[in-house]
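Dear colleague,

I am handing over a structure for you to look at, and my notes on it follow below. Please read them with the model open beside you.

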Amino acid sequence: MLYLTAAVTVALAATALNLLLTFGVIRKLRVHDAKLADRDAVIQEATLPAGTSVPAVTARTVDGGAVTSVRPGSAQLVGFFSIGCGACDERIPEFVAYRQRTGVAAVAVVVTDADDSGPYVARLSPHVDVVVERERGPLATVFAVTSFPALCLVDADGVVVAGGNAFRELPEAVPA
């Protein structure tokens, strides 16, 4: 009888522990699902914070032209897209649509460590200036890019107006 009581006690303790662990996993999954449900959530630290002056840096476009991180006299949208990033792939049409809707000048920076930028360049180059650079290249460094896609709206004075990972964080009325 003593062995039976011990076995039942151990089984009950194991069941209680299993129940506690299950509740912990369910709680973690709910938090994870909430983050996935809001896939347009903005990571505020994706680029320089609003109000920061952007240092002037020049880069070569795929067409051989030159672009700068600051466009004197007009606002500029700079987008950073990484090859193989699913969210980047989804944001490219939004990037082009935002540029067309607002009329703001735009530069797309395709970040890759390989020679596989062709599909992104083909989708972007008819609409905006495109720069291809390695990770931590000059533009990504100047804009302090920490995640992809990264968007940064810079005013005519070279000051960041808004930035993040989603277009809902960017103003519809672009400052001159």
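In these notes, a residue is called buried under 20% relative accessible area, exposed over 50%, and partly exposed in between, with a 1.4 Å probe and protein chains only. This is a predicted model, in which local features need pLDDT of at least 70 and side-chain atom pairs count only at pLDDT 80 or more, while totals for chains, interfaces and linings use all residues. Residues are numbered from 1 along each chain as its sequence is written, and side-chain values use heavy atoms, with hydrogens and water left out.

Searching the whole structure gives three salt bridges, each being a side-chain nitrogen of Lys or Arg within 4 Å of a carboxyl oxygen of Asp or Glu. Helices (H or I, at least four residues) and strands (E, at least two) are DSSP runs, numbered from the N terminus.

Arg91 is buried at 3% relative accessibility, whereas Glu94, at 33%, is partly exposed.

Arg123 and Asp89 also form a salt bridge (2.4 Å, N to O); because Arg123 lies in helix 3 and Asp89 in helix 2, the pair ties together parts 34 residues apart in sequence.

Asp129 and Arg71 form another, with the closest N and O atoms 3.6 Å apart. Asp129 belongs to strand 5 and Arg71 to the loop between strand 2 and strand 3, so this pair joins parts that are 58 residues apart in sequence.
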